[in-house]
Amino acid sequence: MSRIRVVAAIAAFVVGAALTVAVANTASAAACASAWTSSAVYTGGMTASHAGRNWQAKWWTQNETPGSAAVWADQGACGGGTTPPPSSCDHPAWVQGQWYTAGSIVRYTDGKYYIAEHDNPGYDPTISTWYWNPHTCGSTPTTTTSTPVPGGFVVSEAQFRQMFPNRNPFYTYAGLTAALSAYPGFAKTGTDTVRKQEAAAFLANANHETGGLVHIVEQNQANYPHYCDAGQPYGCPAGQAAYYGRGPIQLSWNFNYKAAGDALGLPLLTNPWLVQNDASVAWKTALWYWNTQSGPGTMTPHNAMVNGHGFGETIRSINGSLECGGRNPAQVQSRVDAYQRFVGILGVPAGNNLYC
């Protein structure tokens, strides 16, 4: 009898057959895929690891935990992925919407730990980086070096009007500033220069998507019936042609309305017209995409700007499949021109990597 079989037999005798199964599974476990995160979007066929197992998405999903949602197919145990936190790490899991005081430590959905640097009502630690910092389990909490942004938004109303002299009255400055509370890390992360660069980048992309904040809805009505993915389990309750592009970044498709509505606590799947009737809702959906979606890119536009990847990566995340890599250079230039104009109004440099 081989040594492995002897060890397995002894283990089975001592602690029972269950441990034998665990040892066998560990020995044959596949490598772990990238860790699942609640903010990432997964489409059919994509894989992620969670709780020591690999999972494969059957269809589009976001914020549905593997093992607790039918969208995920169990691919078996895996090994060699993220090392589980040591046993001394017993901090509670982060809960969206729960109040946290400064100093609270939580375990995020990817198994990493974060410490609250400021009181907050359950903001996402990976998005609201002014409120949360990464934390190494077992280390001594350190005090934050961040400072709050004085006043309000880094773009004044006068500067906003200068950026959009011909805007549609629907796109109000008040609607924009009212929407900012949905993602407090937006334009409030990093240095004053970084904050202004992010605001300029967001508004430059909105400028391009809407023709200078002129268009509230997509102009090509022939496209409207195409944005209903009837294969989604929730279907298209507002109608086949109800999920056309709306708002500053032209939110479209039923699954995007569903995901944005769930994130913002709004019934956008059943009432997508809220985006074209309420300025604050319109801005919130744009901020939802900016802060949580990577689209055809590899990072959210928010992360691209605050982590120094440059304006070009925001283009990739919004429309990279059609504009990046030499495709539609005039469209890219339109976005870059607006960004350079806006950072000029805000008095900061444009930075590197303007193109994608």
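Helix α8 covers residues 279–292, and its 14 residues should span 20 Å at 1.5 Å a residue; the end C-alpha atoms lie 20 Å apart, which agrees. The expected span is 1.5 Å times one less than the number of residues. The model is predicted: local features need pLDDT of at least 70 and side-chain atom pairs count only at pLDDT 80 or more, while totals for chains, interfaces and linings use all residues. Residues are numbered from 1 along each chain as its sequence is written, and side-chain values use heavy atoms, with hydrogens and water left out.

Of the 14 residues of α8, 13 are buried, so the helix is largely enclosed by the rest of the structure. Buried means under 20% relative accessible area (1.4 Å probe, protein chains only).

An open sheet of four strands runs in the order β1-β6-β4-β3, with mixed pairing. Because β1 (30–31) and β3 (47–50) stand at the edges with a single partner strand each, one side of each is left without a neighbour in the sheet. Strands pair if DSSP finds at least two bridges between them. β3 and β4 (residues 53–57) are antiparallel over four bridges, and Ala48 stands opposite Trp55 in β4.

The totals for the chain are tabulated below.

| Item | Value |
|---|---|
| Helices and strands | 11 helices, nine strands |
| Buried residues | 45% of 356 residues |
| Accessible surface | about 16,700 Å², 54% from carbon and sulfur atoms |

Accessible areas come from the Shrake-Rupley method with a 1.4 Å probe. Helices (H or I, at least four residues) and strands (E, at least two) are DSSP runs, numbered from the N terminus.

Methods
Buried means under 20% relative accessible area, exposed over 50%, partly exposed in between (1.4 Å probe, protein chains only).
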